[in-house]
Amino acid sequence: MQTIYRLKQARRWLMAVLSGLLLVALLTVGGTALAQDLPPNSAGVAVQSEVLQTLQEEGSADFILVMSEQADLSAAYQMDWETRGWYVYNTLKETAERSQAPVIAALEAAGARYQSFIAGNEIYVYDGSRAVLNRALWAGEIQEVRAPVEITLAAPRFELVQPGPAPQNQIQATAWGISDTGAPDLWAQFGLRGEGVRVASIDTGAQWDHPALREAYACKDNPSSSICWRDPTGVCTGGVPCDDHGHGTHTIGTMVGSDNPALPYQVGMAPGAQWIACKGCAGNTCSYVHLAACADWLVELATDPANRPQVVNNSWGGPGGNSWFSEKVEAWREAGILPVFAAGNTGQQGCWTLNSPADYPGSFAVAAHTQSGWIAPYSSRGPAAIGSQPYTKPNLSAPGDYILSSVPTNAWAYASGTSMAAPHVAGAAALLYACAPALRGNSNMTATFELLQQTADPPVFSGSCGTPDGGLSNYTYGYGYLNVLRAGQAVCFPGTLRGQVLDGETNLPIRGAKVVFQAGDVRREVITDSNGNYEILLASQKGWSVSASFPGYYSSPTVQQTVNLNQTTTYNILLTPFPYRSFLPMIGK
């Protein structure tokens, strides 16, 4: 009996070893265990286990081929708004066409159905077999084989506003979230409501002719125009925008809902801006292939500065720590499009619950707070589980609980979620880009990120997930509550202040010095680059108190500076070193 038991143990051990070897073979050759079929250039290819499992169980699978070559778009950050869109689109297109060509030829020879995407340089293969995958691996330089990501939106929980008889001399009601951000005060102070700015929505679509949305639709006279509407899902009929869920119509309403006094409600942050949309979600399902098509569409629009949006709102996301959409976010940024994302609605599970793509360093992640200022219980918390983060995640908090906006058909409803918070930030960006055109696509989006963060109202509550900087921000509220009025006071109708921070004895530049600008309760700051340089857009015709500091030096005296509209003022700052320093400052390096 003991011998039989040992034989059984040995058999189990042998089967485990053989199974492990088979798995290694599968991972190595992308889904086949035949050594003679191993593609010579597949040794470094990462194949996700979900792809291998589906191939093994079902014989075929949808999968994404990520090409090894990724376009270098860094030069776009040095280009102006007119030029960079063409550069980004052409560079992505040329890179994809060249590197994908042999793989596409192999897929077509195998009779496989596929779709090519230029942002991220990827090929989506429908129902591909192991043989199809191997042919692709033989044919071209592929970095990774991924399983498709699918996002599921929360079931619609709209609380419709019940229509009733309109009282005489009815006063238009403003949604609490709009007032909470200071938007009405910005409209009154600067006389601009987003004019000349275009925002994009990737969502469930839109009822384009809703009374709150029609006049702001960029193609209201030609609603099926491809420069304003894209439907990769194929759900909508007649070529015109539709919304089979309500989510998209609601979020667009928060961004740009009309301020027509004949309407019963004012729900939009930037009623003077225009909107366009791509239907990345069919019902409550947002598939990879549809979201990727929307991402490419925005890049294609970048070829025409007149049609390119300055902001894109994304009120969707999936489990955090997944980089599947990162190259697309970077392509938008390099084209000058600000990517705003909802933080996610899994906050009740605790910290480290941010969604992807909201947790990417290049995404502006928005948490949701209630009318009382408390974080909404569902609002996802940081820290981010992906990448090296230059800023705290989420970036800030915006109104997201019980938000009134537009829904199909010609109705109004309350809804809650970080999906409702994100469009407040997208609309705020539209307001700022209207009064400070030089901010649009500025550098690598750093100026917009830091403007919104530095002018936010400090968080009243600390949250429960900690802080990375001693309390200046935290992983629940980010840098605080969105305050678009203070942001406008910092940058509307701007000029540029630039200069260098230098060692007062050696005249060498000081890298990493902090330069602070203060005007009333509006405070901005920048850090000098490797050459000691700083540059910032500031509201013109306003006295700014400027000072600089760096460890090992006395802070500079505060000096008043005024910038002129659309002009550049230069102000260099000398810092006096302490007489005795126990360390060497980082200067001249």
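User: What makes two aromatic rings a pair?

Analyst: Rings of Phe, Tyr and Trp (its six-membered ring) pair if their centres lie within 6.5 Å. Planes under 30 degrees apart count as stacked, over 60 as edge-to-face and the rest as tilted. This structure holds 23 aromatic pairs. It is a predicted model: local features need pLDDT of at least 70, side-chain atom pairs count only at pLDDT 80 or more, and totals for chains, interfaces and linings use all residues. Residues are numbered from 1 along each chain as its sequence is written, and side-chain values use heavy atoms, with hydrogens and water left out.

User: Why is the pair of Trp-208 and Tyr-217 called tilted?

Analyst: Their ring centres lie 5.8 Å apart and their planes stand at 50°, so the pair is tilted.

User: Why is the pair of Tyr-477 and Tyr-481 called edge-to-face?

Analyst: The planes are at 70° and the centres 5.6 Å apart, so the edge-to-face label applies.

User: Why does Trp-208 count as buried?

Analyst: Buried means under 20% relative accessible area, exposed over 50%, partly exposed in between (1.4 Å probe, protein chains only). Trp-208 has 13% relative accessibility, so Trp-208 counts as buried. Tyr-217 is buried too, at 1%. Both Tyr-477 and Tyr-481 are buried. Of the 589 residues of the protein chain, 55% count as buried.

User: How do you know that Arg-113 lies over the face of Tyr-126?

Analyst: The test asks for NZ of Lys or CZ of Arg within 6 Å of the ring centre and within 35 degrees of the ring normal. Arg-113 is at 3.9 Å from the ring centre of Tyr-126. The charged end of Arg-308 sits over the ring of Trp-81, also 3.9 Å from its centre.
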